[in-house]
Amino acid sequence: CYGTYFQLLDYSNISDENERDFAIRLTKEFGIASVPVSPFYHDETESKVLRFCFAKTEETLTKAASILCRI
């Protein structure tokens, strides 16, 4: 994404969980932190999208990508 440190990920093909539950599970089970997008909307519309910060070292990003690809 141009001009930001965040990338959005649509996980609808991976899980039916709501954004908060899926974000919590990613953190607890895989050590990958994310932010649900729905709380940013007034009506908290669920869209199965999480926000990830990529202002990380190349090593950290590579490790995270490897973990996410296995989910």
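Which residues make up the largest nonpolar core? In this predicted model, local features need pLDDT of at least 70 and side-chain atom pairs count only at pLDDT 80 or more, while totals for chains, interfaces and linings use all residues. Residues are numbered from 1 along each chain as its sequence is written, and side-chain values use heavy atoms, with hydrogens and water left out.

The largest nonpolar core has 8 residues: Tyr-11, Phe-22, Ala-23, Leu-26, Ile-32, Leu-50, Phe-52 and Ile-67. A nonpolar core here is a set of buried Ala, Val, Leu, Ile, Met, Phe, Trp, Tyr and Cys residues joined through side-chain atoms within 4.5 Å. Buried means under 20% relative accessible area, exposed means over 50%, and partly exposed lies in between (1.4 Å probe, protein chains only). Two elements, α1 and β3, each give two or more residues to this core, and α1 has the largest share, with 3 residues. Such elements are DSSP runs numbered from the N terminus: helices (H or I) have at least four residues and strands (E) at least two. In soluble globular proteins, nonpolar side chains tend to be buried together.

Let's look at Leu-26, a member of this core. Leaving aside neighbours within four places in sequence, Leu-26 is in contact (heavy atoms within 4.5 Å) with Gly-31, Ile-32, Ser-34, Leu-50, Phe-52 and Ile-71.

Now turn to Glu-19, in helix α1 (residues 19-30). Glu-19 is buried yet has no salt bridge, and the nearest side chain of opposite charge, Arg-20, is 7.1 Å away. For a salt bridge, a side-chain nitrogen of Lys or Arg must be within 4 Å of a carboxyl oxygen of Asp or Glu. In terms of charge, Lys and Arg count as positive and Asp and Glu as negative; His and the chain ends are not counted. The side chain of Glu-19 does reach the backbone nitrogen of Val-49, at 3.3 Å. Not counting residues up to four places away in sequence, Glu-19 also touches others, including Tyr-11, Thr-45, Lys-48 and Leu-50.

Lys-48 brings us to the loop between β2 and β3. Lys-48 has a positive phi of about 60 degrees although it is not a glycine, and Glu-44, in the loop between β2 (35-36) and β3 (49-53), has a positive phi of about 50 degrees. Most residues other than glycine have a negative phi. Glu-44 is partly exposed, with a relative accessible area of 38%, and Lys-48 is partly exposed, at 21%.

Finally, find Asp-16 in the loop between β1 (6-10) and α1. Asp-16 is exposed, with a relative accessible area of 73%.

Note on methods: Polar contact = N/O pair within 3.5 Å; in protein donor to acceptor, adjacent residues only side chain to side chain.
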